[in-house]
Amino acid sequence: MNLRDELPVDHPLSRVYRIGAALCGLLLLVFGCLGFADSLSFFDTAGRSVAGLSTNGLLSAISVVVGLLLFVAALIGGNVASNVNIGVGALFVLSGFVHLFLLGRPGNVLDFGMSNVIFSFLMGLLVMSFGMYGRVSGGLPHDNPYWRKRHPGRADGVGQEPRTALTALDAHLPGR
């Protein structure tokens with residue numbers, strides 16, 4: 001199954017993707033705007049703090065751009081919002097690992113501190129969870145479009161229970 005598979009326009013999952021993107025985008029926009037309001041220099045690494053996170057002008061600009069990207073994805077909705085959520089979440093987690101390595105080193109141009117690393121991990125997991133909701137699970141209902149795409153021969157799903165490891169093992173035991 002590709003993550004590009006089409007979701008029906010009026011499907012309730014689209015609402016989850018939109019709300020998740022909008023909330024996380026709003027949080028990032030507020031953080032970025034607070035950084036700009038504090039008149040931070042672009043590459044300052046002096047440890048200035050906004051909302052408990054160390055920041056500089058560059059991190060504020062990146063936060064505003066990513067927040068706007070999430071907001072645009074929320075306006076579009078559907079699979080676009082889901083895919084953007086998954087991608088942005090993965091980038092946040094990757095950024096957390098990279099900046100964990102860069103703590104206390106000269107390459108830390110975004111002035112990340114340990115609180116920023118933890119925030120990056122948490123925000124990444126939250127955004128990815130919103131994007132993957134209803135797409136990645138072993139217990140999807142049979143009317144879910146992603147379940148139907150994974151099981152094209154059983155697309156009607158009527159009267160069929162999803163196979164588990166125990167039912168598959170039970171089918172192969174002798175005498176059953």
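Me: Thanks! How many helices and strands are in the protein?
Reply: This is a predicted model, where local features need pLDDT of at least 70, side-chain atom pairs count only at pLDDT 80 or more, and totals for chains, interfaces and linings use all residues. Residues are numbered from 1 along each chain as its sequence is written, and side-chain values use heavy atoms, with hydrogens and water left out. Along the sequence the pattern reads α-β-β-α-α-α-α-α. That gives 6 helices and 2 strands.

Me: Which element gives the largest share of the nonpolar patch?
Reply: Phe97, Leu100, Met114, Ile118 and Leu122 make a nonpolar surface patch of about 500 Å². The largest share, 3 residues, comes from α4.

Me: Is Met114 buried, partly exposed or exposed?
Reply: Met114 lies in helix α4. Buried means under 20% relative accessible area and exposed means over 50%, with partly exposed in between (1.4 Å probe, protein chains only). Because its relative accessible area is 45%, Met114 is partly exposed.

Me: What percentage of the contacts with a separation of 6 or more is between residues 24 or more positions apart?
Reply: A contact means heavy atoms within 4.5 Å. For residues 24 or more positions apart, the share of those contacts in the protein is 65%.

Terms used: Patches are made of residues with over 30% relative accessible area and no salt bridge: like charges are joined within 9 Å, nonpolar side chains (Val, Leu, Ile, Met, Phe, Trp, Tyr) within 5 Å. Accessible areas come from the Shrake-Rupley method with a 1.4 Å probe; for residues, only the protein chains shown count as cover. A salt bridge is a side-chain nitrogen of Lys or Arg within 4 Å of a carboxyl oxygen of Asp or Glu. Helices (H or I, at least four residues) and strands (E, at least two) are DSSP runs, numbered from the N terminus.
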